[in-house]
There are 2 protein chains.
Amino acid sequence: MHAPDAGAPGSVPARTATIGPGRAVLAFDVGGTDIKSALFDATGASRGLRRTPTPAPGPDGAHRLVDRVAELAEELRAQHPDAVPEAVGLVVPGIVDADEGVAVFSSNLDWRDVPLRALMSARFGVPVAFDHDVRAAGWAERRLGAARESTDAVMLIIGTGIAGALLIDGRMHAAGGYAGEIGHAPIGDWPCSCGARGCLEAVASAGAIARRYTEAAGTAVDGARGVIALAAAGEGTAARIWEEALDALALALAQLTAVLAPRTVVIGGGLSRAGDALFAPLRARLAARLSFHRLPDLVPAELSEDAGLLGSALLARDALT
Amino acid sequence: MHAPDAGAPGSVPARTATIGPGRAVLAFDVGGTDIKSALFDATGASRGLRRTPTPAPGPDGAHRLVDRVAELAEELRAQHPDAVPEAVGLVVPGIVDADEGVAVFSSNLDWRDVPLRALMSARFGVPVAFDHDVRAAGWAERRLGAARESTDAVMLIIGTGIAGALLIDGRMHAAGGYAGEIGHAPIGDWPCSCGARGCLEAVASAGAIARRYTEAAGTAVDGARGVIALAAAGEGTAARIWEEALDALALALAQLTAVLAPRTVVIGGGLSRAGDALFAPLRARLAARLSFHRLPDLVPAELSEDAGLLGSALLARDALT
């Protein structure tokens, strides 16, 4: 345990996330375009939380990523000498086999079967936690956020695409990294860029909602938010596309409810910021699609876009116990 | 432990199921029309395995069921005095909250919120295991049958309806009894007798396949088996109804694969006896509905119609450890 110094002059970042008291850890959340990084001190407060560009993908991409993460770690250590990190958390997108420590596949980062945990462990002299970004975000919502009352929850992040994570009986269910692909669970017959057809995210992601509107109306729009505003104002094309997205989400959630019966469905990502414009009709449509089933609570995520980083830090602490 | 006597003259029943060596237990598998019952001895062999009618449902149905089970237990004990049962397993259909020991709901047996484990425990002076029939069957397939190599499996029983059970990370996932309702997971828009619409079992159960054929063709048919035979012979209506059932099953399994990523899907019940006429096209259609996902093995159940009873016996033994 280390003395907190979150109040020391000059050390308070513009934005602070917190994971509660415990050991100090370094945490990284790697996305296709940027890396979020921070040092979490013994109070659980983040130090030096920031975004920096992800190294360009390529043949040597994983090694350059580890190099970059090590640089960021050195900077954080140098800037916060009073908080000595005892473990490192790294979370990445794609298909991640956390048990084996392998990044199985990422189209954004252009890698296959990269032993990232071993590469990280060889570089850092402390325990390394390695996992999937959305499962880490789900774990953070379980420990600190909207799913903290629940041992059975589904986490959906609806943005450019739709990613999911499953909390089952208090544990994240990974299945070698293949579980939780709710965005690519088929529910219809339209084409999807993944090669399958009828995937949820091709109709109901924020990206798809905006793209489908632009294709149908022939005019640009301010994202899914713009489509929802137009729909609310009675514009026919926007209303149809928004209804189709809501129906697709309700159908996917109805299947999840019948099969897994989660107590809580946490929805985060850009689309969740629509608030009641999303949650009220989605609750009504989900109830209308079911009968004897037990309805879950549909709630917005609480941890904002830092959920993955917080999860990374929590997993790093878990690696010390 | 008790000495085995499975070979003693006169003690071998017409049919013997086995769960392997262990303590002797009584096992009951209650269905809407009959009760399967047996005593499992220390070798794991069943003694006196038989079916007897389930008491008629009604206001006092649960108490009459417990009375009947106690009678059957007395008969088994009297007939097999060398194998002294140390626990009792009881499995029933419907929505079963095994954690609380409560039969939450059964339309066939007409009960709601019956504390069956407590009623059984008050009657029997030994530990009572109480669970859901299909989860018990899934557990038996996990321990003794088609899922014994897998910690992540889905069990589907396709007969009059479609029931499911989920093995996740080596444990049956119940969610208070609401998980595994794959037969009532919506995948389309047709009506279902449960009150929802688009449920898998309304198109793809053996019962639905036969009923839909008779409705469309106006002639009786020898069950789903008859429809499959007519489809194989090129009869158009039968071919269409069988294709629709296969497509619905493939879509439901594609969703399960994307969300849960089981290693194994075990299919039992009457429809599974179609063998390759079911499994070969279903494997092909499942693969065609997916892209980067990890395909599960689709395999027939191995334990025949005794799986629920075997699971009941295994759970009774588990109650002793």
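**Figure 1. Who sits around B:Ser37?** Setting aside neighbours within four places in sequence, B:Ser37 is in contact with B:Ala27, B:Phe28, B:Gly48, B:Leu49, B:Arg50, B:Leu72, B:Leu76 and B:Leu309. Keep in mind, here and in the other views, that this is a predicted model. To find the residue, look in strand S2 of chain B, which covers residues 34-40.

**Figure 2. Helix H5 meets helix H7 in chain A.** Here you're looking at H5(A), residues 206-217, and H7(A), residues 236-260. Their axes come within 10 Å and cross at roughly 145°. The crossing of H5(A) with H7(A) is right-handed. On the H5(A) side, the contact is made by A:Ile209, A:Arg212, A:Tyr213, A:Ala216 and A:Ala217. H7(A) brings A:Thr237, A:Ala238, A:Arg240, A:Ile241, A:Trp242, A:Glu244 and A:Ala245. Sort the residues of this contact by class and you get 8 nonpolar, 1 polar and 3 charged.

**Figure 3. Helix H6 meets helix H7 in chain A.** Now for H6(A), residues 223-232, whose axis comes within 7 Å of the H7(A) axis. These two cross at roughly 115°, and H6(A) passes H7(A) in a left-handed crossing. From H6(A), A:Val227, A:Ile228, A:Leu230 and A:Ala231 do the touching. Facing them in H7(A) are A:Ala238, A:Ala239, A:Ile241 and A:Trp242.

**Figure 4. Inside the largest nonpolar core.** In soluble globular proteins, nonpolar side chains tend to be buried together. The largest nonpolar core of this model has 102 residues. Which of them touch the most other members? That would be A:Leu260, A:Leu271, B:Leu260 and B:Leu271. Zoom in on B:Leu271 and, not counting residues up to four places away in sequence, you'll find it touching B:Ile158, B:Ala204, B:Ala206, B:Ile209, B:Ala224, B:Ile228, B:Trp242, B:Leu249 and B:Leu278.

**Figure 5. Where chain A and chain B come together.** The size of an interface is often given as the accessible area lost when the parts come together. For chain A and chain B, about 3200 Å² is buried between them, 60% of it on carbon and sulfur atoms. In chain A, A:Val259, A:Arg289 and A:Phe292 lose the most area to chain B, together 21% of what that side buries. The contact takes 41 residues from chain A and 41 residues from chain B.

Technical notes. Residues are numbered from 1 along each chain as its sequence is written. Chains are lettered from A and ligands numbered from 1 in the order in which they are written. This is a predicted model: local features need pLDDT of at least 70, side-chain atom pairs count only at pLDDT 80 or more; totals for chains, interfaces and linings use all residues. Side-chain values use heavy atoms; hydrogens and water are left out. Axes are lines fitted to C-alpha atoms, for helices over the stretch in contact, and angles run from 0 to 180 degrees between N-to-C directions. Helices (H or I, at least four residues) and strands (E, at least two) are DSSP runs, numbered from the N terminus. A crossing is left-handed if the near helix is turned anticlockwise from the far one by less than a right angle, and right-handed if clockwise. Contact means heavy atoms within 4.5 Å. Ala, Val, Leu, Ile, Met, Phe, Trp, Tyr, Cys and Pro count as nonpolar, Asp, Glu, Lys and Arg as charged, and the others, Gly among them, as polar. A nonpolar core is a set of buried Ala, Val, Leu, Ile, Met, Phe, Trp, Tyr and Cys residues joined through side-chain atoms within 4.5 Å. Buried means under 20% relative accessible area, exposed over 50%, partly exposed in between (1.4 Å probe, protein chains only). Buried area is the accessible area (1.4 Å probe) that two parts lose on being put together, summed over both.
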